[in-house]
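Dear colleague,

Please find below the structure that I am handing over to you. I would be grateful if you would look through it before reading my notes.

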Number of protein chains: 2
Amino acid sequence: MRERAAAILGLGLIGGSVGLGLGGRLRRLGYDPDPEARRVAAETGAVDVVHERLGEWLGEASLVVLAAPPGALPELAARAAPWLAGDAVVTDVAGAKARVAEALSPLLPPGRYVPGHPMAGSERTGGRWADPGLFRGAVWFLCPPPGGGGGSASPGGSGGLPAGEGEEAFARVAALAEALGARPRRVAAALHDRWVARTSHLPYLAAAALAAVAAEEEPEGIRQAVAGGFRDSTRVVAISPEVGSGMCLANREELLAALERFRLALGALEAALREGRASELAGLLERARGARAALLQAERAEGSPAPAGGGLR
Amino acid sequence: MRERAAAILGLGLIGGSVGLGLGGRLRRLGYDPDPEARRVAAETGAVDVVHERLGEWLGEASLVVLAAPPGALPELAARAAPWLAGDAVVTDVAGAKARVAEALSPLLPPGRYVPGHPMAGSERTGGRWADPGLFRGAVWFLCPPPGGGGGSASPGGSGGLPAGEGEEAFARVAALAEALGARPRRVAAALHDRWVARTSHLPYLAAAALAAVAAEEEPEGIRQAVAGGFRDSTRVVAISPEVGSGMCLANREELLAALERFRLALGALEAALREGRASELAGLLERARGARAALLQAERAEGSPAPAGGGLR
C-alpha cells in the first residue's frame with residue numbers, strides 16, 4: 001500500500017480491527033464520537049492518534065475507512081467530506097450496500113468512494129474485541145465506485161471523470177483488504193445485497209424467531225432440551241440488536257424477498273410433514289443438505305492462503 | 001449398575017456409543033441387521049459379542065437398549081419381545097417420545113419399558129463415529145414407564161402392576177444414563193415432545209429452508225457470501241436426511257404447532273422490517289437475544305459435573 005495515512009472513523013470491532021491489522025505499516029488516525037471507544041482504541045493501540053472530532057487532520061489521510069453503523073454513515077460522510085484530501089479514497093464496511101452507496105455517493109467526491117463489506121465479524125461489539133486477524137482469509141466485497149465509471153462496461157465511465165479514476169480508487173481499497181489478509185471480490189451492490197440477504201440477514205431473523213419460540217415454553221423445562229444444535233442455530237442472535245436491526249433495515253427490500261422465498265421453502269417441508277409423505281420430506285432434506293455442503297465446500301476449497309495475484313475478479 | 005448384561009439392538013452412532021461407554025463395566029451383547037454395522041461394532045469393540053439375528057441370547061441381558069431409528073422401532077420391539085428375560089428392562093433412544101412410546105408399549109411387558117432420549121448426537125451417523133464420551137454432561141430424558149404406574153400421581157399405578165415396579169425399571173435405566181456420564185431427567189412424553197419440537201426439530205426444518213433459499217442463487221456468487229454465521233445456522237442440516245425425516249415425522253403434531261408459532265414470531269419481525277419501525281425491530285431482536293442467553297446460561301450453570309445425588313427429579 002502506497003498510502004500516506006489511514007483515517008479510521010468509528011473505532012468499534014471492525015474499525016479497531018482494521019487499525020490493529022494495519023499497525024506498523026501505515027500511520028493510523030482514529031476518530032470516534034464515543035469517549036469510551038476512544039479510550040479503548042488508545043489503550044489497545046488500534047490507531048496511532050485518537051481524535052475527538054473531525055477536522056483538518058483528516059487531510060493527512062489518503063485512505064478513509066467509514067466504520068460506523070449503517071444508520072450513522074450519511075451524517076459521518078457529510079461531516080468528513082469537507083476535510084478530505086483531494087487524492088483521498090473513501091470506503092465503508094456496512095453489511096448492506098445498495099442503500100448505503102446511494103446515500104453516501106452524493107456526499108463524497110465522484111469516483112473516490114468504494115463501497116465495501118468485509119465478510120467477517122463476531123457476536124461481540126466494541127473495540128475491546130478488535131483483532132488484527134479478523135479479516136484473514138475472509139471475502140471482502142467491494143463495489144464499483146458509484147459515478148466513477150469503475151464498474152461500468154461502457155468506455156469512458158460516467159460523471160465526466162477521467163477514465164480509470166474509479167478503477168484507481170477501487171484498486172487502492174482492494175489493496176487495503178489484501179493488506180489485512182482478506183480476499184477482495186468485486187460485486188455489484190444489488191447482487192451483494194441479494195446474496196447477504198440470504199446468507200446473513202435471513203438466517204439472523206430466523207434465529208431470532210427460533211429463540212422467541214423456545215422462550216414461550218416454561219424456562220426451567222426447556223433449558224434441559226437445549227443442546228448444541230439450538231446453540232449453533234441461534235448463535236447469530238447474540239449480536240447487538242441495534243447493529244442487527246440497522247443491518248436488516250439497510251437491506252430491507254432484498255430481505256423481504258428472501259423472507260418470501262423462505263416461507264415457500266418452509267411451506268414445502270411443512271406440507272410433506274403434515275401429509276406424512278416421508279420420502280418427499282427426506283428428499284427435500286437431502287437436497288438441503290447437499291446444497292449446504294456444496295456452498296461450504298466451494299468456499300473452503302478456495303480458502304486461505306489466497307491465490308497469488310488472484311485477489312480481484 | 002447391578003445388571004447381568006446389556007443388549008444393544010442397533011449399532012449406529014448412539015448404540016455404538018452406549019456400548020463403548022459401558023466397556024469394561026458390563027457384558028455387552030450387540031445386534032444389527034446391517035453386516036457393515038456389525039463389522040464396525042466388532043472392530044471398534046463397541047460390544048463384546050455381535051449377533052446376526054435376535055434369539056435366545058437376548059435372555060442373558062437384564063438391560064435392553066433399542067437404538068434403531070424411530071421408524072424401525074416397533075418391528076424391532078415386536079421381534080425382541082419373545083426373547084426378553086422376565087426381569088429385563090427396555091429403553092429406546094428416539095428423539096420423539098409420545099408416538100414411539102404409544103407404539104412400543106403394547107409390544108413390551110407392562111412396567112418394563114422406559115422411553116428415553118439422550119440429548120446428544122452428531123452430524124455423523126454410523127458406529128464408526130461412536131464415542132464413549134458422547135453422553136457426558138448431556139441431559140438424558142426418561143419418561144415414566146407407560147402402564148407401569150411409575151409416573152402416575154395416583155396411588156397404585158395402573159395396569160394392575162405391583163406398585164413401584166415401574167419405578168424400579170425407571171431407576172435402572174436412569175442408572176444406565178448416569179453410568180454413561182449423562183444427567184437423567186424425568187419428563188412426561190408429551191412435554192418432552194413439545195420441548196424438542198422447539199429446540200431441535202423446528203431449528204432443523206428452519207435450517208433446511210435456509211439452505212434451500214441460499215441454493216436458489218448462482219452458486220459461484222453466493223458461496224463468497226457464506227460466512228461463519230450461515231455455517232452455524234445451518235449446521236444441523238448435515239445430519240442424515242432419513243434420520244431427520246423420521247425424527248420430524250415421529251413428532252409431527254408438536255412440530256406443526258411449533259411451526260405455527262415460528263411463523264407468527266417471524267411475521268412480527270417481518271412487519272416491523274416492512275414498516276421500517278426500527279425501534280420495534282430492535283426491541284424484538286433484543287428480546288430474542290435475551291431469551292437465548294437465558295436458556296443457554298441456565299443450562300450452563302447446571303452443567304457438569306452433575307450435582308451429587310441430584311440426577312433425578
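Predicted model: local features only at pLDDT ≥ 70, side-chain atom pairs only at ≥ 80, totals over all residues.

Residues are numbered from 1 along each chain as its sequence is written, while chains are lettered from A and ligands numbered from 1 in the order in which they are written.

Domains of chain A

Chain A is divided into domain 1 (5–187) and domain 2 (191–301); such bounds come from an automatic or database domain assignment. The centres of domain 1 and domain 2 of chain A, taken over C-alpha atoms, are 31 Å apart. Between the domains of chain A, 16 residues of domain 1 are in contact with 14 residues of domain 2, where contact requires C-beta atoms, placed from the backbone, to lie within 7 Å. On the side of domain 1 of chain A that touches domain 2, helix α4 (residues 98–104) gives the most, with 3 residues. Helices (H or I, at least four residues) and strands (E, at least two) are DSSP runs, numbered from the N terminus. The residues on that side of domain 1 of chain A divide into 9 nonpolar, 4 polar and 3 charged. Here Ala, Val, Leu, Ile, Met, Phe, Trp, Tyr, Cys and Pro count as nonpolar, Asp, Glu, Lys and Arg as charged, and the others, Gly among them, as polar.

Two sheets of chain A

An open sheet of 6 strands in chain A has the order β3-β2-β1-β4-β5-β6, with parallel pairing; two strands pair if DSSP finds at least two bridges between them. Its edge strands are β3 (49–51) and β6 (113–114) of chain A, each of which pairs on one side only. Strand β2 (residues 27–31) of chain A pairs with β3(A) in the parallel sense over 3 bridges, and Gly30(A) stands opposite Val50(A) in β3(A). Helix α1 (residues 13–22) of chain A packs on this sheet, touching β1 (5–9), β2 and β4 (63–66) of chain A, and its direction makes about 160° with that of β1(A). Axes are lines fitted to C-alpha atoms, for helices over the stretch in contact, and angles run from 0 to 180 degrees between N-to-C directions. Helix α3 (residues 73–80) of chain A lies across β1, β4 and β5 (89–92) of chain A and runs at about 155° to β4(A).

A further open sheet is formed by 3 strands of chain A in the order β7-β8-β9, with mixed pairing. Because β7 (116–118) and β9 (183–186) of chain A stand at the edges with a single partner strand each, one side of each is left without a neighbour in the sheet. From one strand to the next, the twist averages 20°. Strand β8 (residues 139–142) of chain A pairs with β9(A) in the parallel sense over 4 bridges, and Leu142(A) has Arg186(A) in β9(A) as its bridge partner. Helix α5 (residues 165–179) of chain A lies across β7, β8 and β9 of chain A, at about 165° to β8(A).

The contact between chains

In the contact between the chains, 80 residues of chain A meet 80 residues of chain B. The largest share of the chain A side, 19 residues, comes from α6(A). By class, the chain A side divides into 51 nonpolar, 10 polar and 19 charged residues.

The axes of α10(A) and helix α6 (residues 189–214) of chain B come within 9 Å and cross at roughly 125°. That angle makes α10(A) oblique to α6(B), since angles under 35 degrees count as roughly parallel, over 145 as roughly antiparallel, 65 to 115 as roughly perpendicular and the rest as oblique. The residues of the contact of α10(A) with α6(B) divide into 12 nonpolar, no polar and 1 charged.

The axes of α6(A) and helix α10 (residues 252–274) of chain B likewise come within 9 Å and cross at roughly 125°, which makes α6(A) oblique to α10(B).

Within chain B, the axes of α6(B) and α10(B) come within 9 Å and cross at roughly 65°. That makes α6(B) roughly perpendicular to α10(B). Their contact divides into 8 nonpolar, 1 polar and 4 charged residues.

With kind regards

Definitions and conventions
Contact = placed C-beta atoms within 7 Å.
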